[in-house]
Each structure stands twice: as C-alpha cells, then as structure tokens.
Amino acid sequence: MTEDEVFQNHYQTLQKLRSDSLIILDNFNVLPKDDPFFKEFIRNDFQILITTRCKITSFQTLEIKELDKENELTALFYKHCPSAKNEPEITFDIITELKGHTLTVCLAALSLSASGISQRNYCLN
C-alpha cells in the first residue's frame, strides 16, 4: 500500500468511532488550525484530547503544570512501586532516563512492581 492508501485505511476506521471513543494526540506541538483536514478531523463524532505546549484559544483547555522531578514524580513512582523507596538514587535515575514523562514513569513503576525484581537488577539489564 502507498502511504496515502494506509492513511485512508486508518482514517476510515477512525471515522467509524462514536462519541464514547477518545482519540489522544500526545505532544501535538504544532496545531494546524488552518489546515482543512484538521478542521474535518475535529468534526468527527469521537472525543479528542490533545496534549500540547501551544497556547490554544479556540478550544476548551486545561493547563497542567509539569510535575517536579525530585518530589512529585518520585512520589508518583513510589505510589506505584513502594519497594523503590529502598533505593531513591536509582528511582531518580529511572525518572531522569525517562525524561520525566509522567505516563512512562507510571508504567515503569508498575512494571517494576509487577515483575518482582529489584530496581538494581532492573537497571543493570
């Protein structure tokens, strides 16, 4: 399939979604507000959540501040992986390696907790 055919195939699937479906566009940092396709895209029946650093005025927005790496992200990691409190330096290293991306920090903590291995072994692999 050509790139256009792949796109059309995917878009046809998206067009079948209904109002109880949510499309998330993460780190969508250049909003094509004057693009005719974008205007068509947002008129579909599904819900759209866009995370961006752009200042948007034409849509409903909720500004969320970045979580502090040393306190808030660490507390979030500990919430999902309490055993990580035993090795705070490694927890900080993991958060730093993940560039503080909140969802990835949560997933790493949950994965580490579910695996039953220690952080030290997790980091060495």
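Two strands count as paired if DSSP finds at least two bridges between them. Helices (H or I, at least four residues) and strands (E, at least two) are DSSP runs, numbered from the N terminus. Please keep in mind that this is a predicted model, where local features need pLDDT of at least 70, side-chain atom pairs count only at pLDDT 80 or more, and totals for chains, interfaces and linings use all residues. Residues are numbered from 1 along each chain as its sequence is written, and side-chain values use heavy atoms, with hydrogens and water left out.

Let's start with the strands. β1 and β2 run parallel and are joined by four bridges, with I23 standing opposite I48 of β2.

| Element | Residues |
|---|---|
| β2 | 47-50 |
| α3 | 69-80 |
| α4 | 88-97 |
| α5 | 102-115 |

Next come α3 and α4, whose axes (lines fitted to C-alpha atoms over the stretch in contact, with angles from 0 to 180 degrees between N-to-C directions) come within 10 Å and cross at roughly 100°. That makes the two helices roughly perpendicular (65 to 115 degrees; under 35 is roughly parallel, over 145 roughly antiparallel, the rest oblique).

Finally, α5 has buried residues V105, C106, A108, A109 and L112. They cover an arc of only 165° around the axis, which puts them on the same side of α5; the arc is that of the directions from the helix axis to the C-beta atoms. Exposed L103 and A114 sit on the face turned away from the buried side. After α5 comes G116, with a positive phi near 80°.

Methods:
The expected span of a helix is 1.5 Å times one less than its number of residues. Buried means under 20% relative accessible area, exposed over 50%, partly exposed in between (1.4 Å probe, protein chains only).
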